[in-house]
2 protein chains.
Amino acid sequence: MKMIRTIMELRQTLAAVRSEGRQIGLVPTMGFLHDGHLSLIRRAAEENSLVVVSIFVNPLQFGPQEDYAAYPRDLPRDCSLAESAGADIVFAPEVEEMYPQASLTYVEIAVLGDELCGRSRPGHFRGVCTVVSKLLHIVQPERAYFGRKDAQQLAIIQRMAEDLNFPVQIVPVPICREPDGLAMSSRNSYLSPEERSQARVLFRALRESEQAFAAGERESRVFQARIKELIEQIPGTQIDYIEICATQTLQPVEQIDHQALLALAVRFGRTRLIDNCLLTEEK
Amino acid sequence: MKMIRTIMELRQTLAAVRSEGRQIGLVPTMGFLHDGHLSLIRRAAEENSLVVVSIFVNPLQFGPQEDYAAYPRDLPRDCSLAESAGADIVFAPEVEEMYPQASLTYVEIAVLGDELCGRSRPGHFRGVCTVVSKLLHIVQPERAYFGRKDAQQLAIIQRMAEDLNFPVQIVPVPICREPDGLAMSSRNSYLSPEERSQARVLFRALRESEQAFAAGERESRVFQARIKELIEQIPGTQIDYIEICATQTLQPVEQIDHQALLALAVRFGRTRLIDNCLLTEEK
């Protein structure tokens, strides 16, 4: 496996790959890889003849009060994990390589970016869309892989790719969970042992909601009330949102038709975690 | 020459071209081609083995009070002109093909888009950046050609391509002028014979400014005052702007260092024309 730090070297390497007719898969990450990322990489390795994993903590998608500086980083470990999962190239640019001058250009998404996490993280999805656009232009992959844990990000990237006719297939990959159900996230490393234990409530809330849905419940406010009750039993938690919304537009629904996205964002101490599931009759 | 109406057919045709290792040049236009466009096409034909001319009057870049509906269109004539200049493919999609659903995604440019034409045409450059992004993703050309008459558009597209790492070379092409100096523009067709004659003042103002610059004048306000005087002698004209600004950032300069862009926008009756020249010591 090759580690590349500059756009020019990556472009040259990939031009050679492309001229051999090989298909390229891109897995964009912020590093500190966990099994969720590795499942994206393994999927990309199955479907493409060359896999690029980008590792870049993108300052543009962090708010001024957010955890950009503290975000966990471990490039040597990431490289060996990525290689073990089937990556051919790790692209790990410095900030100055990705933003040699202040970017004046932004890729903005209306409506979808304002809901859910967009409410407490203004500018976040603009930063995501902009850096993903840059990475797609640099790597020019046939396919790019995104995890379903970031459901809003996935819906936004899919819509961006459609609206702007990006010549890429966006491939969603299922959430990876710890044995006790907690969705894997680089931010789980922030949790104290007590918070880590408390955070299991997210999965419990999702599982109970799936059961209630299977039993016929369709009123969003009923799901929301039950989840609120579950989470508020735990001291030190703070609910950011409990939302039931349309899967593509992310607009809130009051009554679930045949399917909807149930999405949660909750703070455990200072750590904000998100999780979600699809409530669907199609299972 | 081939005329293509759908994105899918264009992509399939170009994939075959690309697999033969042929380089693609894109000339994005709104049609009603004149010699200015043809010089872009000829330049593209010299530098690439296949030239795509897109003809699309992009509703996204017109304000509600602007001339979207009235914008001149003549596709059969455009096709024969494009072919004569060396185009291999004319891509002429319907609006529904380019925007099958309301676009939620926009490519925005800060600072550069707010100056000059941006002041009187809010949202215009957002529309331009968005449709050019779409065309670049659809065609994936090695090179894309833009005329210097739309100096602000050129500066913006160059900056967008840099900021977002578009894998394309943006090629600027000199302004084409009528024998009496009027810059070629599809909007010249709106002018009455009298307005057409009056519009020569734009070139006269630029030429006099170049002479004053060559003679040592460097104060922006001196250029601006002289041009204002020239234009205001003509009844029925309305000055939108007379601006002297930095070539890349488009920020106004008071005193010209070694070069600056002189840009004009003036209404003759109901028709708004733009023109510009580079005031430079490097000639």
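A residue is termed buried if 20 or more other C-beta atoms lie within 10 Å of its own, exposed if 12 or fewer do, and partly exposed in between, with C-beta atoms placed from the backbone.

## Basis of the description

This is a predicted model, in which local features need pLDDT of at least 70 and side-chain atom pairs count only at pLDDT 80 or more, while totals for chains, interfaces and linings use all residues. Residues are numbered from 1 along each chain as its sequence is written, and chains are lettered from A and ligands numbered from 1 in the order in which they are written.

Helices (H or I, at least four residues) and strands (E, at least two) are DSSP runs, numbered from the N terminus.

## Helix H7 of chain B

Ten of the 13 residues of H7(B) are buried, so this helix is largely enclosed by the rest of the structure. Among the buried residues are B:Ala151, B:Ile156, B:Ile157, B:Arg159, B:Met160 and B:Asp163. The end C-alpha atoms of H7(B) are 18 Å apart, which agrees with the 18 Å that its 13 residues should span at 1.5 Å a residue; the expected span is 1.5 Å times one less than the number of residues. Just after H7(B), B:Asn165 adopts a positive phi of about 55°.

## Contact between the chains

Two residues are in contact if their C-beta atoms, placed from the backbone, lie within 7 Å. In this sense, 23 residues of chain B are in contact with 23 residues of chain A. On the chain B side, two or more residues each come from strand E5 (105–109), helix H6 (124–139) and helix H7 (151–163). E5(B) provides the largest share, five residues.

## Helices H2 and H3 of chain B

The axes of H2(B) (residues 35–47) and H3(B) (residues 75–85) come within 8 Å and cross at roughly 40°. Axes are lines fitted to C-alpha atoms, for helices over the stretch in contact, and angles run from 0 to 180 degrees between N-to-C directions. H2(B) and H3(B) are therefore oblique to each other (under 35 degrees is roughly parallel, over 145 roughly antiparallel, 65 to 115 roughly perpendicular, and the rest oblique). The contact involves B:Leu38, B:Ile41 and B:Arg42 of H2(B) and B:Leu81, B:Ala82 and B:Ala85 of H3(B).

## Helix H10 of chain A

The buried residues of H10(A) are A:Ser220, A:Phe223, A:Ile227 and A:Ile231. They cover an arc of only 70° around the axis, which puts them on the same side of H10(A); the arc is that of the directions from the helix axis to the C-beta atoms. Their cover includes helix H9 (200–214), strand E8 (237–245) and strand E9 (259–268) of chain A. The face turned away from the buried side of H10(A) carries the exposed residues A:Arg221, A:Ala225, A:Glu229 and A:Glu232.
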